Amino acid sequence: MSSRRDLLGLAAASAAVMLAPRAFATSRQPDLRGSIDAVTYKAAPDAGDRKSRSLQKMIDDASAENVPVFLPPGVYRVSNLTLPENTRITGVPGASRIVYTGDGHLFSARDVKRIELSNIVIDGQNRWLGDDAGALVQFTGVDEVLIDNCEISGSRKHGLQLERCGGRIERSRISGAGQSGIYAVESSGLSVTGNEVFDCGNGGILIHRWKKAADDSIVSGNRIYRIKANDGGTGQNGNGINLFRADNVMVSNNHISDCAFTAIRANSASDVQINGNQCRRSGETAIYVEFEFEGAVVSGNMIDGAANGISIANFDKGGRLASVTGNVVRNLTLTGPYAHELGFGIGIAAEADTLVSGNIIEGAPRWGMQLGWGPYLRNLVVTGNVIRKAPIGCAVSVVDGAGTAVITDNVFQETAGGAVLGFAWDKKMTGELAAGASGYPQLTVERNRIS
């Protein structure tokens with residue numbers, strides 16, 4: 001038994017196995033002492049064991065003995081593997097490849113405490129997945145999932161699906177999923193950090209819940225790009241990062257580009273922070289906070305290229321209470337992915353109980369800012385912003401029932417149609433209000449500068 005466990009002393013190990021410590025030198029070093037090796041179990045690369053019996057037995061034995069499994073470089077053609085408690089599988093980064101052969105699913109685990117995958121490539125080859133498989137790698141009810149420095153590609157559905165899980169997904173590349181790269185639902189303090197997610201059919205990273213509640217996930221430092229919306233719709237697909245009913249989530253310092261709809265979309269998600277993200281070439285609204293939310297901080301984001309910049313919306317559904325500060329929004333377009341009642345080309349839109357301050361908007365081809373929509377306007381403070389190169393700088397709702405807005409100390413430049421104008425939905429109702437709005441006691445408009 002001891003000789004079987006000693007990785008460096010394996011007589012059956014190949015030269016590649018013997019060189020494994022050097023292969024790991026530039027990545028985090030797994031503890032391979034006492035590990036079980038694939039060669040010993042006759043689950044060597046390209047062994048042709050399509051039913052995966054040898055690899056499954058190796059995983060089961062390693063779990064029972066609470067030791068890791070090491071996969072030497074090569075291709076392992078397997079399917080329908082079930083991971084038991086304390087599974088730890090590691091390999092040589094970029095060289096240990098697990099290839100799905102079809103017939104159901106690849107990796108699954110349910111109701112265990114800990115699963116760990118590191119330094120392996122998982123290739124779904126776009127093969128058929130069974131009706132009960134939501135993803136190439138699917139974990140349910142796992143207290144701590146640890147996925148580090150892996151590659152997951154070629155899934156017909158989600159690349160990675162986690163339901164009722166916690167843990168960390170980090171430093172991994174997930175691509176070519178028919179649905180989303182990472183789909184996490186009902187998480188418990190999940191961290192998704194430092195990953196690369198790209199070329200997915202309907203979404204990048206999804207943090208969802210069945211019922212609105214605290215989720216406490218962190219999505220930070222990821223690079224997400226080329227996210228399509230193959231299943232269509234008006235926003236449920238095509239988003240780089242999508243929060244749905246997930247409260248208390250932090251989305252920070254991600255680089256997101258070329259999404260069919262939104263870089264970051266928070267739907268019915270309260271107490272969210274969306275900070276310091278780079279959002280480029282979004283097909284619809286770059287950052288969207290919408291529907292039943294209370295509490296959002298949107299700050300320090302760079303938006304370059306989108307149909308709309310930032311939207312804090314749906315006061316009619318309870319969406320309220322936000323701070324939008326220090327963002328740069330530029331190079332917007334009138335063209336969006338569907339027909340919209342107002343149209344696109346708006347820099348920042350807000351409706352209720354929101355501070356909009358210290359932002360710079362340049363090149364919004366419809367309105368620099370949209371304040372309220374019909375009667376849905378309450379307690380907006382808009383101060384210290386710079387708006388340049390927009391036909392209208394700021395459109396504020398003045399219909400009956402619209403509430404209070406304070407518009408002060410902003411700078412407007414090259415707003416040929418007016419700096420601050422009153423609107424009834426999309427119909428212009430007033431002349432220039434930038435110096436004061438005496439006919440509208442609910443508005444405070446002063447100390448704005450037009451140049």
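Reader: Where is Ala-435 found?
Author: Keep in mind that this is a predicted model. Look between two strands, strand 44 (427–428) and strand 45 (443–446). Ala-435 is in the loop between them.

Reader: Is Ala-435 buried or exposed?
Author: To count as exposed, a residue needs over 50% relative accessible area. Ala-435 has 78%, so this residue is exposed.

Reader: How many aromatic pairs does the structure hold, and is the pair of Phe-261 and Tyr-338 stacked or edge-to-face?
Author: There are four aromatic pairs in the structure. In the pair of Phe-261 and Tyr-338, the centres are 6.1 Å apart and the planes make an angle of 15 degrees. Planes under 30 degrees apart count as stacked, so this pair is stacked.

Reader: Which parts does that pair tie together?
Author: Phe-261 sits in the loop between strand 24 (255–259) and strand 25 (264–267). Tyr-338 belongs to the loop between strand 33 (328–332) and strand 34 (346–350). So the pair ties together parts that lie 77 residues apart in sequence.

Reader: Is Phe-261 buried or exposed?
Author: The cut-off for buried is under 20% relative accessible area. Phe-261 has 4%, so Phe-261 is buried.

Reader: Which strands each supply at least two residues of the lining of the second largest cavity?
Author: That cavity holds about 30 Å³ of space. Its lining includes Trp-367, Leu-371, Ala-395 and Ser-397. The strands that each give at least two lining residues are strand 37 (367–371) and strand 40 (392–397).

Methods: Residues numbered from 1 in each chain as written. Predicted model: local features only at pLDDT ≥ 70, side-chain atom pairs only at ≥ 80, totals over all residues. Heavy atoms only, no water. Helix = DSSP H or I, 4+ residues; strand = E, 2+ residues; numbered from the N terminus. Buried < 20%, exposed > 50% of the residue type's maximum accessible area, 1.4 Å probe, protein only. 1 Å grid on protein atoms, 1.4 Å probe; cavity = no way out; pocket = protein on both sides within 12 Å on 5 of 7 lines; lining within 4 Å. Points joined across faces, edges and corners; volume = space filled by probe spheres on them. Phe/Tyr/Trp six-rings, centres within 6.5 Å; stacked < 30°, edge-to-face > 60°.
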